[in-house]
Amino acid sequence: RSNEVSHRNFSRADLDSAAKKAYSSASARATDQQASAVMHLMNNFQHTFVLFGCGTWKSGIYILPQLACCKFGVNRPKSIVISPHNALLAMHHMQATKYFLGTSLRVEKLLPSNVAADEIEISSDFDLLFISIHAFKDLMDKHPNQLQQWNIKNIFIDEYHNIFGELFRQIKSWTSLRNLARHNIKITLLSATANPLLMDFVGHYLGLGSYKVIGELDQYPIPDVVINVERYSDAEVLSVLVQRIKQLNIIKNDRTFKIH
């Protein structure tokens, strides 16, 4: 990396080139929302809320900058992605590994078990680190200066509405985000379903000050989501789940219907 430059004003064509690499497709392009978010991220120090529709590749906001910097010899900003669920973390880690294939970019992941075993000495050469909100809480409790030691430049909080809208009922890991802006690291929060009131509350809790909002809720359909709690025995739950997914697949007849 000794020959890398510190900055470059990336063009839309540069981001399209990074998208081609990520998707392994000559026809791939960065979307208008991706380009807007990435260019703001790379040229401004201002905390940001990003509103993207489900399935519109929000992850491109942290994937494309790394690929573009790698391609054009620019210093890659070390970044972490905080995920609300381990399953989501594992999926995004797997996807990033695929996107970075054939480059010198390095992606890692950190779970609570790693922090508990003091296995945080991940090579300082990582470019992108996925960490669960639970592991992040443990990390901040045990190693409060780790972000500075890693020289983190960007913190992405993925599906942050889940952290504050769901997990508060079960655990206290979300408390690790209180006044997160004190670390002087650029924070980007990603969601498809957050509303202005939640953004105001979260922005105040994290100490973001004046933040920017990229994207608008009226640009895409808001998912119709309901949470139902059903109880089954350990012996029943797997077969019930399989049957439920089969039923959903039968009625999944257009691209706006997604199963998570």
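A disulfide is a pair of cysteine sulfur atoms within 2.5 Å. Keep that cut-off in mind for the second stop; the model on screen is a predicted one.

**Stop 1: the whole chain.** Of its 260 residues, 44% are buried. Switch to a surface view: the chain exposes about 14,000 Å², and carbon and sulfur atoms supply 52% of that area.

**Stop 2: the cysteines.** The structure has 0 disulfides. Select cysteine 69, which is in no disulfide. Its nearest cysteine sulfur belongs to cysteine 70. Cysteine 69 is buried, with a relative accessible area of 2%, while cysteine 70 counts as partly exposed at 21%.

**Stop 3: the sheet.** Select the strands. The 7 strands form an open sheet with parallel pairing, in the order β3-β4-β2-β5-β6-β1-β7. At the edges are β3 (107–110) and β7 (212–214), each of which pairs on one side only. From one strand to the next, the twist averages 20 degrees.

Stop 4: Select residues 79–83 (β2) and 154–158 (β5), parallel strands joined by 4 bridges. Valine 81 stands opposite phenylalanine 156 of β5.

**Stop 5: two helices on the sheet.** Select residues 133–142, helix α6, which packs on the sheet and touches β2, β3 and β4. The direction of α6 makes about 95 degrees with that of β4. Then select helix α9, residues 196–206, which touches β1, β5, β6 and β7. The direction of α9 makes about 150 degrees with that of β1.

How values were computed
Residues numbered from 1 in each chain as written. Predicted model: local features only at pLDDT ≥ 70, side-chain atom pairs only at ≥ 80, totals over all residues. Heavy atoms only, no water. Buried < 20%, exposed > 50% of the residue type's maximum accessible area, 1.4 Å probe, protein only. Areas by Shrake-Rupley, 256 points an atom, 1.4 Å probe, with all protein chains shown as cover. Pairing = 2+ DSSP bridges. Axes fitted to C-alpha atoms, helices over the stretch in contact; angles between N-to-C directions. Contact = heavy atoms within 4.5 Å.
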